[in-house]
Amino acid sequence: MKSVYLDYAAATPMTTQVLDAMAPYWSEQFYNPSAPYAPARTARRAFEDARARLAHAIGARPGNVTLTAGATEANNLAFASVAGPVVVSAIEHESVLACAEAHGARVVNVAKDGIVDLVALREAVAGDAELVSVSLANGEIGTIQPLRAIGDIVREERMRRLERANPTPLFLHTDASQAAGHISVNVSSLGVDMMTLSAAKLYGPKQVGLLWHADGVELRPLVLGGGQEGGLRSGTENVAGAVGFAIALEQAEALRPAESRRLRKLAALVRMELRKAVPYVVFSGPSQDARRLPGLVHASFPGVEARRLVIALERKGVYVGTGSACAASRMRVSHVLKAIGLSEDVAQGSLRISMGRLTTNEDIAYAIQIIAKSVEEERGRSHREVRA
Amino acid sequence: MGGVVFVGVSGGVDSALAAALLVEQGYEVVAVYMRNWSRDLPGFACPWAEDLADAERVAVSLGIDLEVWDCEEDYQRTVVDYVVDAYARGYTPNPDVMCNQTIKFGTFAQMAFSRGADYVSTGHYARILPPEAGGAPRLARAACERKDQTYFLWRVGAEAFERVLFPLQDIPTKEEVRALCAERGLEVANKPDSDGICFVGPVGLRTFLLDALERRAGDVVEWETGAVLGKHDGAFLFTIGQRRGLNLGGGPARYVVATDCERNVVYVSADRDCPALWTDTLTLEDVRWISGEPPALGAYVVRTRHTGPLREAQLEVGAEQVTLRFVEPVPAVAPGQSAVVYDGIVCLGGGIVARRDVGR
């Protein structure tokens with residue numbers, strides 16, 4: 001059976017270059033980078049070299065890059081740097097929303113296309129907010145946020161506080177995990193104070209991520225111990241992971257212009273063909289190409305239950321996500337779809353089709369045919385939750 | 001054949017085949033996943049979401065509707081609370097027996113019929129025999145004796161069986177069930193069996209009980225001598241015949257022969273022939289007869305645990321209670337367990353063990 005993977009927003013396969021670069025550090029160069037003898041220094045050098053390359057790729061200094069076990073930890077670390085109220089958008093990733101809740105979150109609504117309401121954001125940061133966290137691109141509907149405009153609001157508010165001798169700091173954090181590899185993640189052009197990246201979404205290893213912070217930000221460690229990562233993240237360094245991450249990010253940046261163009265075309269094909277095959281399909285996310293991730297299509301089929309559809313597709317070798325994986329397990333509509341005002345009936349039949357480097361035109365042709373057929377079969381099949 | 005059947009689908013292999021067979025027999029089938037318990041306990045993540053995903057796979061591959069029915073409140077009230085309360089009183093209750101009575105052939109069946117079902121169905125290994133002249137349908141052991149589940153069904157009344165289908169009733173072995181599932185491309189064909197209490201199975205009774213009841217230190221006493229051998233942390237955690245969890249620090253293997261929850265004492269013995277481990281008479285309470293009428297006095301066969309041996313006993317029906325006098329002494333049965341009475345393959349009903357006379 002043909003198999004077509006269309007869930008790159010959930011996980012990406014490691015490239016051979018990444019695998020090869022990581023290989024020596026599992027066994028030959030297994031040394032603890034903190035050990036005092038010469039061979040360990042090779043591991044230390046490899047690790048610090050990886051950090052330098054990661055920093056270079058995002059236009060930052062190595063000293064401002066903290067390596068973590070994935071993006072969720074990096075997000076947690078960013079939130080731990082402040083004590084006061086935080087402002088987040090309604091469509092943030094669970095790891096951001098959960099951290100925000102612990103801080104007394106001010107949740108800012110988004111428009112139908114997922115773009116954060118800047119007027120509401122300006123009001124929410126006024127006075128005492130200490131952190132704004134808005135993802136660069138949303139992983140479910142693909143919305144790219146106007147981060148520079150958000151940065152302007154944050155800087156205006158800082159000026160206001162300065163003028164009023166209000167010493168409360170205010171920082172802007174962005175989780176760029178879903179954006180990296182598709183749009184620029186250069187920290188100075190984004191105008192942010194902290195940025196999260198994940199290797200797992202970049203054809204690198206899972207459980208490897210980083211948090212970049214600007215000079216004025218004072219990070220507070222969440223993982224205590226031997227004082228690695230300048231005391232910000234204890235635990236023996238993941239040398240192989242860091243090396244793999246560096247190669248992965250460099251590769252992603254090199255491939256980005258051509259790959260984005262290619263994915264954009266594939267996504268356009270998906271939208272066109274799906275519309276032809278299933279005229280009542282509903283697409284979510286911004287309609288302008290510049291405002292959405294190139295390889296992601298969010299499609300809803302009213303009257304179809306997405307969980308069933310995913311199973312029907314899996315049986316034909318097509319692997320697609322339903323969007324927010326966590327929301328899927330309790331049969332609740334995802335918070336992202338609720339926030340953009342999608343009606344429950346439409347939201348329940350939603351697929352997130354995310355394409356990547358290995359996706360071909362033939363894959364798309366096959367997948368569209370299978371999706372159209374399965375939607376036809378599953379339409380009207382109920383999957384209700386009833387209180388007994 | 002025809003009609004609307006609501007079938008309980010758990011994500012396991014038995015109910016998957018039941019649903020498939022009903023579809024093939026021409027019924028209009030609606031699959032229902034009853035969510036009875038979804039809470040995680042210390043060290044145990046409840047697998048309900050994975051079970052539901054398996055149930056969904058079954059429904060999609062059969063092309064039938066699946067509904068999720070939230071039965072957690074009823075399950076808590078009629079099964080979990082009953083179980084905890086029984087253990088607190090020193091009984092060893094059987095949750096599956098209660099679940100069949102109150103949930104599967106209670107809440108589920110009632111709601112299915114009110115929603116227009118002609119029949120309800122489950123993947124139980126049990127058989128329904130047509131009524132004898134003028135009577136009600138009878139419950140009988142399944143063709144597959146090794147998996148027969150009538151032990152768990154004795155509290156369900158005959159009127160319920162009038163509209164129940166057990167599609168697995170004639171299938172001779174579990175292996176056959178798996179083979180039939182594999183033949184139909186049902187991926188659950190290789191899923192391991194989940195015998196026992198759905199939520200207590202993987203987590204262990206101890207974790208479950210300690211979540212609900214307070215620990216209380218008490219003595220472990222040797223049955224023969226009355227000597228205190230050690231300490232336990234709650235008599236309700238122990239049941240007759242239990243060997244593990246006594247922590248007596250070496251010495252011969254000892255078995256729990258009795259518990260006294262009021263005085264919080266656990267009695268043990270190293271002697272497998274200890275009279276307290278055997279009995280020849282059981283007194284039953286909370287007795288139910290499937291037909292609604294007590295059977296005639298006389299000789300029957302009795303089972304005191306799921307798929308346990310069928311033992312001959314004389315049945316005496318009194319005004320308040322029922323007494324079973326076994327022909328040969330039988331291994332002791334903990335109060336709270338079910339004793340189920342059969343006439344040949346027909347399951348007549350049973351009762352909850354209230355008392356046993358010690359000795360052999």
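Visitor: What makes chain B and chain A count as being in contact?

Guide: In this predicted model, 15 residues of chain B are in contact with 15 residues of chain A, because the C-beta atoms of two residues in contact, placed from the backbone, lie within 7 Å.

Visitor: Which elements give two or more residues to the side of chain B that touches chain A, and where does the largest share come from?

Guide: Helix H2 (48-62), strand S3 (65-70) and helix H4 (95-114) of chain B each give two or more residues, and the largest share, 6 residues, comes from S3(B). By class, that side of chain B has 7 nonpolar, 2 polar and 6 charged residues.

Visitor: Why are strand S13 of chain A and S3(B) said to pair?

Guide: Two strands pair if at least two bridges are found between them, and 3 bridges join S13 (residues 385-387) of chain A to S3(B), so the two strands, which run parallel, meet that condition. In this pairing, A:Arg387 stands opposite B:Asp70 of S3(B).

Visitor: Why is the reach of H2(B) called close to what is expected?

Guide: H2(B) has 15 residues and spans 21 Å from its first C-alpha to its last, which is set against the 21 Å expected at 1.5 Å a residue.

Visitor: What makes H2(B) mostly covered?

Guide: A residue is buried if 20 or more other C-beta atoms lie within 10 Å of its own, and 11 of the 15 residues of H2(B) are buried, so the helix is described as mostly covered. Among them are B:Trp48, B:Leu52 and B:Val58, and the buried residues of H2(B) pack against helix H9 (306-314) of chain A together with helix H1 (13-24), strand S2 (28-35) and S3 of chain B.

Definitions and conventions:
Residues are numbered from 1 along each chain as its sequence is written. Chains are lettered from A and ligands numbered from 1 in the order in which they are written. This is a predicted model: local features need pLDDT of at least 70, side-chain atom pairs count only at pLDDT 80 or more; totals for chains, interfaces and linings use all residues. Helices (H or I, at least four residues) and strands (E, at least two) are DSSP runs, numbered from the N terminus. Ala, Val, Leu, Ile, Met, Phe, Trp, Tyr, Cys and Pro count as nonpolar, Asp, Glu, Lys and Arg as charged, and the others, Gly among them, as polar. The expected span of a helix is 1.5 Å times one less than its number of residues. A residue is buried if 20 or more other C-beta atoms lie within 10 Å of its own, exposed if 12 or fewer, and partly exposed in between; C-beta atoms are placed from the backbone.
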